Amino acid sequence: MVKTTTQKKTQRFSKSWLILGFIIVFVVLVRVRLSDFPLERDEGEYAYMGQLMLQGVPPYSEAYNMKLPGTPMIYALIMSIFGQTSQGIHLGFMVVNCATIALVFLLARKLMGGPAALAASGTYAVLSLSFSVYGFAAHATHFVVLTVLGGILALLSALEKNTLKAYFGSGILFGLAFLMKQPGVFFFLFGMLYVVYHYFISRPSHTLKRLFLNLGIFSYGAAVPLLVILVWVYTAGVFNRFWFWTMEYAAMYGSEIPISSAFNVFMRNFPFVAGSFYLFWILSVFGFIAMFFRNGLKPQKVFILLFALFSFLSICPGFHFRPHYFVTLLPAVSILVGVLIEFLNSNQFPFFNRQYAYLIGLGIFIAAALVGIIGQKEYIFTGDPVKLSRTIYGPNPFPEAIEIAKFIESRSAINDRIAIFGSEPQILFYSKRRSSTGYIYTYSLMEQHDYSLVMQKEMIKEVESSRPKFIIEVHVDFSWLMHPESEKYIFRWLDNYVQEKYTLV
């Protein structure tokens, strides 16, 4: 039987979705096994703030943080569906991760076709799962990626249809990415720039005035989520605190590491980030080079180059380059791997005919995945989540936080307050007890800036006025990140206060 071109395309389409389904099933099986992973600090922060929101407490009133409230809001949504447990949070995160894998597939297929889409989605699946980027934890960067990819697909649709509604919807998704974490703003800038580029290369029938209207509607959509938050915190009476933490303090925190040290910090952290999946990072470099040898596809090339550039910029603010920051770079890395596979699958590869080049590309991709998976086989297949937490995080008291919370919950009433001197907000979440102070992190108290002593005194005042049922002292360096020059006032006060008011249990 002779198959028509349409039948062949349908068959390839079905096969691609089937393979994508296998990729997602693999991710689901691993994430379900890892769902008991103890929450780390960032997760504890989002979970506690989300818990407060479910109780009707507005952000920044009882928990201070320099991040915008988008991620705690997503946590609140996840917990309302899957329950207020670490397992529930991680299962909700699993759904987000699987949806993101599908969006990577859709974007890469739109840019390059089926084989590239499968390579890109498979790459993102394993890289975002890897412990090298703390892929077991529901960090804000994963929610940035979800909203950005949704926004990009909506933007591409807007460029095709040229409808204001599509530009507005795309803008909202980019605005939500910024709400998840401030570096999300780089993807909004990417969207703006690509709209302008697309206008000038597409020989438009509409006027320059229409371009500015499209950009205005897109920008307005991006501003809507932030405007909603501004109204919320203003009506709740916490606008000044919101502005200080998310703008003034965040800017100060972002300038802590000088640009002269940025390269050294990057090179110190990147080997861990690449980890056993280093071959995918190498393949992405070859994919970047392959774009310059691929004839045609000029709009796609510019799109991918701009997306890669702004994705890299999104990991740069503050120059901390922590492993989970690299999650916002992973879609660009994955698409570049897809570019390489697409190039090998084209008729333009000069060394082998198309069939052999495709098989070579497939073999290289499978080898890269196997090397990475074998390198993390204990984490992916057999490791106990609690023991893995200890292996990955060392002396950080994330497993202990669960037992401490059980102790506190069993010996206190629901309205009792507790104070944690250290950065362990997950204890607040587990115990379902509110903090007597908004300082759920103590890093800011130890940093060298003009507000450190003021912050310490404010925390002290809040604790003294609320008389917490329990005080937890955390004697773990990572929970304070104290410098030799850090202000020590709070420690002198704490020693005296605890001896006078409390009994060790």
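Begin with the cysteines: a search of the whole structure finds 0 disulfides, a disulfide being a pair of cysteine sulfur atoms within 2.5 Å. This is a predicted model in which local features need pLDDT of at least 70 and side-chain atom pairs count only at pLDDT 80 or more, while totals for chains, interfaces and linings use all residues. Residues are numbered from 1 along each chain as its sequence is written, and side-chain values use heavy atoms, with hydrogens and water left out.

Select cysteine 98, which is buried at a relative accessible area of 11%, and then cysteine 316, which counts as buried at 13%; buried means under 20% relative accessible area, with a 1.4 Å probe and protein chains only.

Next, select helix H3 (residues 70-82) and helix H4 (residues 86-111), whose axes come within 9 Å and cross at roughly 110°. That makes H3 roughly perpendicular to H4, a label for angles of 65 to 115 degrees. Show the side chains as well: Tyr75, Ile78, Met79 and Phe82 in H3 meet residues of H4 that include Ile89, Leu91 and Phe93, where contact means heavy atoms within 4.5 Å.

Finally, move to helix H17 (residues 385-393) and helix H18 (residues 398-410), which pack at an angle of about 130° with their axes 8 Å apart. That makes H17 oblique to H18, since oblique covers the angles left over when those under 35 degrees (roughly parallel), those over 145 (roughly antiparallel) and the perpendicular range of 65 to 115 are set aside. Here Val386, Ser389, Arg390 and Tyr393 of H17 make the contact with Phe398, Pro399 and Glu400 of H18.

Technical notes. Axes are lines fitted to C-alpha atoms, for helices over the stretch in contact, and angles run from 0 to 180 degrees between N-to-C directions. Helices (H or I, at least four residues) and strands (E, at least two) are DSSP runs, numbered from the N terminus. Buried means under 20% relative accessible area, exposed over 50%, partly exposed in between (1.4 Å probe, protein chains only).
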